[in-house]
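Subject: Structure handover

Hello,

Here is the structure I promised to pass on. Please open it first, then read my notes below.

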Amino acid sequence: MTNSHSRIGNLRPHELPHYQALLDGTDWASLATPCGTGESLPTALARMLSPDPVVRSAATDDALREVTHQNTIYEATVPVTLYVAAILHHPAVEAGDFGHVADMPPRRPTLVRLLEWLSVTAYDADDECVAIGERHFGKEFLDEYGEMRAFRDLRPAIFSAVHPLLGHDNAEVRDAAFVAAIPLAEHPVLTVHRAELVDHARRLLATSTNRYNRDRVLDALKAWGHDTSDLENPDDIAARERYARLKAERDSGWGADGADGYSEDPPF
């Protein structure tokens with residue numbers, strides 16, 4: 001956790017800035033990252049819009065790696081998140097690498113990778129993470145963790161970019177967008193979208209075999225008060241039982257050792 005506040009400025013919660021304005025108007029060198037400051041980020045972020053899929057893929061690796069470490073929201077995480085959200089509909093990102101290129105290994109679409117990163121980052125700042133933080137650091141947790149608070153305040157702006165992709169022609173994009181939308185929709189002004197998201201959840205569970213996505217969707221439906229018994233398949237039931245067994249073993253071990261610390265339900 002860092003104690004300094006993000007230097008994003010006075011963005012309104014529903015406002016998603018233009019990606020170029022973010023790139024040019026952010027003092028990247030002043031923002032903390034896991035290994036220093038974000039002075040190298042503008043170059044990598046700009047190259048994420050390259051028409052060359054190889055350049056775009058490498059730049060995506062470089063940029064996201066700079067702000068991804070130990071489930072932590074850093075100062076530079078917030079402007080990077082806004083930039084990623086702002087380029088989701090850029091032609092180079094949305095339609096640039098879905099086809100197969102001869103003599104090159106298959107590459108996961110940049111759009112899917114960005115949505116998955118947004119999802120993971122949003123889960124790192126979700127209500128459960130806040131509750132864990134408050135249990136360990138007290139009710140002032142978010143007051144002292146300005147980066148997480150800034151991210152949470154901007155969830156409506158991020159959601160505004162993710163939401164249109166729920167209807168994308170590509171199923172992998174639709175599923176990635178939906179899983180990203182789940183933690184974003186915890187924001188009070190976005191709960192009105194949950195009825196719509198339930199429809200997307202049922203579609204995903206009827207078509208997807210991705211274990212991570214299915215777990216996230218089933219957990220969300222249960223949290224929203226829905227009975228998921230008619231939506232689970234045998235693999236879901238087996239996974240749920242395995243997670244419960246692992247959690248019981250972990251809790252039993254911690255109880256015997258008298259240990260205390262952060263806890264997460266599996267999968268780890």
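Start with Y19. Its relative accessibility is 18%, so Y19 counts as buried. (Buried means under 20% relative accessible area, exposed means over 50%, and partly exposed lies in between, with a 1.4 Å probe and protein chains only.)

Two notes on the source. This is a predicted model, where local features need pLDDT of at least 70 and side-chain atom pairs count only at pLDDT 80 or more, while totals for chains, interfaces and linings use all residues. Residues are numbered from 1 along each chain as its sequence is written, and side-chain values use heavy atoms, leaving out hydrogens and water.

**Aromatic rings**

The whole structure holds three aromatic pairs. (Rings of Phe, Tyr and Trp, the last by its six-membered ring, pair if their centres lie within 6.5 Å; planes under 30 degrees apart are stacked, over 60 edge-to-face, the rest tilted.) Y19 and Y83 make an edge-to-face pair, 6.2 Å centre to centre, with 90° between the planes. Y19 lies in helix α1 (residues 19-25) and Y83 in helix α4 (residues 77-86), so the pair ties together parts 64 residues apart in sequence. (Helices are DSSP runs of H or I with at least four residues, numbered from the N terminus.) Y83 is buried, with a relative accessible area of 0%.

F137 and F141 are stacked: 6.0 Å centre to centre, 15° between the planes. F137 is partly exposed at 40%, whereas F141 is buried at 4%. Ring pairs link F137, F141 and Y145 into a cluster.

**The core**

The largest nonpolar core has 70 residues. (Such a core is a set of buried Ala, Val, Leu, Ile, Met, Phe, Trp, Tyr and Cys residues joined through side-chain atoms within 4.5 Å.) L45, V80, L88, L115 and V162 touch the most other members. Helix α11 (residues 171-184) gives the most, with nine residues.

What does L45 contact, leaving aside neighbours within four places in sequence? L45 is in contact with L23, W28, A63, V80 and Y83. (Contact means heavy atoms within 4.5 Å.)

**A helix pair**

Helix α12 (residues 194-207) packs against helix α13 (residues 211-223) at about 140°, with axes 10 Å apart. (Axes are lines fitted to C-alpha atoms over the stretch in contact; angles run from 0 to 180 degrees between N-to-C directions.) V198, A201, L204 and L205 in α12 meet N213, R214, V217, L218 and L221 in α13.

Best wishes

Terms used. Helices (H or I, at least four residues) and strands (E, at least two) are DSSP runs, numbered from the N terminus.
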